[in-house]
Amino acid sequence: MSIQQPRRFVTTDQGHADVLNVPIDTLYTNDQGLAEQIESIKKDPAGNGVASKEALESHASNTDLHVTAAKQAAWSAAEANAKKYTEQYAAPKQHSHPASDLPSASTQARGIVQLNTSTGSTATDQAATPSAVKAIGDELRQLINNVKEMGVVKSIQRFSISSNVPDGIVNIAPVNVQKTMLNLTTFGDDSTHKASIINSTQVQFTHSRGGENYIFASFEVIEFN
């Protein structure tokens, strides 16, 4: 539809006529400008920032750009399954396990270990406590102090007592008892063993049993100058 120019008022009094004609001319000018914009949009909608009806319909029907009802249902189901899995199988932030569920440690594998305060155990699946380490350290420090107090080693006699030897006396080469110390070592377990120098030529020992057999033991007689 073309825009028709309205008739202007014509009177013998031009001043009164212009009062009406000026707004009419302004409206006509505006209508012409709108008509030009409409024609430009029709010819080039994209260039004027306007989407055509075909473009809008194509965009609305594009399922790659919009979430369809089927996709929304699938997403909702996946979210529900994830929540259910978390509730049923995920461990809480704070939880505990019985010891039977955890692997035991060994020299070949990591795991939990039992603490042991013994200073004579030969176990390979247990860990020494600080008290056991301290006891060994105390014994070592005492031995070092004894050596320092006694002076230079004059002689060392070593004896090994087999499992079939009962408690008794071991004869040694003559020593100065006041300058001699005894170092006892046991093998097989940490059962109680005792040994003492009873005179310059004899050591008495108590030999513990391990089942039907006696436990191996050895001792050193160390004499100082």
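User: Does D138 count as buried, partly exposed or exposed, and at what relative accessibility?

Analyst: The model is a predicted one. Partly exposed covers the range between the buried limit of under 20% and the exposed limit of over 50%. D138 has a relative accessibility of 31%, so this residue counts as partly exposed.

User: Which residues are linked with D138 in a network of salt bridges?

Analyst: D138 forms a salt bridge with K134, with the closest N and O atoms 2.8 Å apart. R141 also forms a salt bridge with D138, at 2.5 Å between the closest N and O atoms. Within helix 4, K134 lies four residues from D138, and R141 lies three residues from D138, which means a separation of about one helical turn. The residues linked with D138 in the network are K134 and R141.

User: What separates K83 and E79 along helix 3 (residues 69-89)?

Analyst: The side chains of K83 and E79 meet in a salt bridge of 3.6 Å, N to O. E79 is partly exposed, at 47% relative accessible area. K83 and E79 stand four residues apart in helix 3, so their separation is about one helical turn.

User: Which strands stand at the edges of the open sheet of three strands, and why is one side of each left without a neighbour?

Analyst: The strand order is 4-7-6, with antiparallel pairing. Each edge strand has a single partner strand, so one side of each has no neighbour in the sheet. Strand 6 pairs with strand 7 (residues 202-206) over five bridges. The edge strands are strand 4 (168-171) and strand 6 (194-199).

Technical notes. Residues are numbered from 1 along each chain as its sequence is written. This is a predicted model: local features need pLDDT of at least 70, side-chain atom pairs count only at pLDDT 80 or more; totals for chains, interfaces and linings use all residues. Side-chain values use heavy atoms; hydrogens and water are left out. Two strands pair if DSSP finds at least two bridges between them. Helices (H or I, at least four residues) and strands (E, at least two) are DSSP runs, numbered from the N terminus. A salt bridge is a side-chain nitrogen of Lys or Arg within 4 Å of a carboxyl oxygen of Asp or Glu. Buried means under 20% relative accessible area, exposed over 50%, partly exposed in between (1.4 Å probe, protein chains only).
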